[in-house]
Amino acid sequence: MIAKNPFAEKLEIICSQPDARGQFKILARINGEDCHHDVFDPYKNYHRGLFSQAVLQKGGDELNGQSRVLSSEELAEWRPGGSEDDSQAKLESKLVAIGDLVIQAVKGYESGAANRPMPLGIEALAAKHPDLAEPVIYGIARKGETINLIAAPKTGKSWTVYGLLLSIIMGWDWLDRYRCSRGRVLLIDNELHPATLVHRIPAVADAMGIRHEDYVDSLDILSLRGRLMDLYAIAQALEQIPPDTYSLIAFDAFYRGYPPGISENDNAGVAMLYNRIDQVAARLNCAWLNVHHSTKGSQADKAITDVGAGAGSQSRAADAHIILRPHEATNAIVLDGVVRSFAPIQPLALKWEFPVWRPADELDPAAVKGRAGKHEDRQSEKDRAVLDKIREALKVGPQTPRALRVPTEATRERLQRLLDRLENRKEVAWTMIEIKGRECREYRLVGAENLVGDFSGRVGDFESPTSAE
């Protein structure tokens, strides 16, 4: 039986010898490259995909330029103990099913090959993409881009997202600063009960002065509390959504979308999740927002891209990394972030007026709670300089504190405080010696007696100039 092949210049179908149960395997190749394999069981009318070429038993016929499947007579000869229940018509239908399956596999392979990325000259690339994608949130994100919204637990991240979604629906300025293109939005929520959502969102709309009829037809919600789906399953479910349906999809909360086997600290695994999000956003032509939490403790002195629990790939993969940090004032936060396709954004102080965050121009956005002041910064810089001088002096040999004051130019109090710090970090040690009848400490670098040459770049002190700060 011949199945026509309009999709390839050279198609090979390799059939294996049957096993004891009468099963045989089919390998489809196109231009010498494997594109599909299946196993066919004459006793059962189904096909099972095989993903390891190593288990295929190659052999039998190889035909070039056409697709061939076994005839019913050949199949009957290969099936031990053929039953009269398997009529000729039934075998023929199974063979036709195999032929159709192979043709579809080849068609899919050809389609994939046509979409494989190829290098383009800069002029060809510019001709193909003459304009930037349409902004969804001016100054933050465009269609096809991914946004992270990061803050400590119970900071009000979800409330912030509701205000953003409603701003997009209305085409308003979010937080009176970021103009939004009007569009339809989807909220995928896996944390709150449906009843909570349907009470929260109208409360935010009322506080923003938005009537129910103005947003109800433009806001869709996929509630997954109690019936969790990981990000891969969610992406598959969204395949039924036509492109350009939504301007933005918000996923709250990101940590509940990890597939089994992937933790938030898995750089490669998290990067793959963002790759899948990129595919969804590109196909649907919309922006995607992940709501995620920060680590425990103060975030005040961290770089923006370091705020966020888990793998660093999450901030690197996103096009906009937006964070919310507590302000020194009560019930206030500072919104800050880094973006990829817009000019750098400026921090914005926000004041909580339940159930929304509102701009607080009277507050200094630099006054992040817990951040070291200018005086503390200067002190830290001086300490680092003295620590470096102590290390350099001790490379020459053991020194007393009195002797160390000359090269370090430090006060007695600062020098002793920093020597104590180095001792606590096991970078220096001391022994008691006697000079002119008086006892005093003599400091040395730990392990210095076993080292030769340049001692720079020692491990063990986070304040070493060669270590990360």
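In strand S13, Asp220 is the bridge partner of Leu186, and in strand S14 the bridge partner of Leu186 is Ile249; helices (H or I, at least four residues) and strands (E, at least two) are here DSSP runs, numbered from the N terminus. The model is a predicted one, in which local features need pLDDT of at least 70 and side-chain atom pairs count only at pLDDT 80 or more, whereas totals for chains, interfaces and linings use all residues. Residues are numbered from 1 along each chain as its sequence is written, and side-chain values use heavy atoms, with hydrogens and water left out.

Strand S12 pairs with S13 in the parallel sense over five bridges, and five bridges also join S12 to S14, again running parallel; two strands are said to pair if DSSP finds at least two bridges between them. In a regular strand the side chains alternate between the two faces of the sheet. In S12, Val185, Leu187 and Asp189 point one way while Leu186 and Ile188 point the other way, and all are buried, where buried means under 20% relative accessible area, exposed over 50%, and partly exposed in between (1.4 Å probe, protein chains only). S12 is accordingly described as mostly covered, with five of its five residues buried.

These strands belong to an open sheet of nine strands with mixed pairing, in the order S13-S12-S14-S15-S9-S16-S17-S18-S19. The edge strands, each pairing on one side only, are S13 (219-223) and S19 (356-359). Neighbouring strands of this sheet are turned by 25° against each other on average, direction ignored, with axes taken as lines fitted to C-alpha atoms, for helices over the stretch in contact, and angles running from 0 to 180 degrees between N-to-C directions. Helix H5 (residues 194-208) packs on the sheet and touches S12 (185-189), S13 and S19, its direction making about 150° with that of S13; contact means heavy atoms within 4.5 Å. Elsewhere in the sheet, strand S9 (residues 146-151) runs parallel to strand S16 (residues 320-326) and is joined to S16 by five bridges, with Ala320 in S16 as the bridge partner of Ile147.

Strand S16 also holds Arg325, a residue that is buried yet has no salt bridge, since the nearest side chain of opposite charge, Asp336, is 4.2 Å away, and a salt bridge is defined as a side-chain nitrogen of Lys or Arg within 4 Å of a carboxyl oxygen of Asp or Glu. The side chain of Arg325 does reach the backbone oxygen of Ala300, at 3.4 Å. Leaving aside neighbours within four places in sequence, the residues in contact with Arg325 include Gln299, Lys302, Val334 and Arg371.

Where charged side chains do meet, the structure holds 15 salt bridges. One of them joins Arg283 and Glu239 (3.6 Å, N to O); because Arg283 lies in helix H8 and Glu239 in the loop between helix H7 (231-237) and S14, the pair ties together parts that are 44 residues apart in sequence. Both are partly exposed, Arg283 with a relative accessible area of 29% and Glu239 with 40%. In another salt bridge, the side chains of Glu427 and Arg391 meet at 2.7 Å, N to O; Glu427 lies in the loop between helix H12 and strand S20 (428-435) and Arg391 in helix H10 (residues 374-396), so this pair ties together parts that are 36 residues apart in sequence. Here Glu427 is buried, with a relative accessible area of 2%, and Arg391 counts as buried at 7%. Salt bridges that share partners also join Asp383, Arg414, Arg417 and Arg421 into one network.

The backbone has some local features to inspect in the loops. The peptide bond from Asp252 to Ala253 is cis, with omega near 20°, and Ala253 is placed in the loop between S14 (248-252) and helix H8 (267-284). The peptide bond from Phe354 to Pro355 is likewise cis, with omega near 5°, and Pro355 lies in the loop between strand S18 (348-353) and S19. Lys154, although not a glycine, has a positive phi of about 65°, and counts as exposed at 83% relative accessibility.

Over the whole protein there are 12 helices and 21 strands, and 43% of the 469 residues count as buried.

How values were computed. Lys, Arg positive; Asp, Glu negative; His and termini not counted. Polar contact = N/O pair within 3.5 Å; in protein donor to acceptor, adjacent residues only side chain to side chain.
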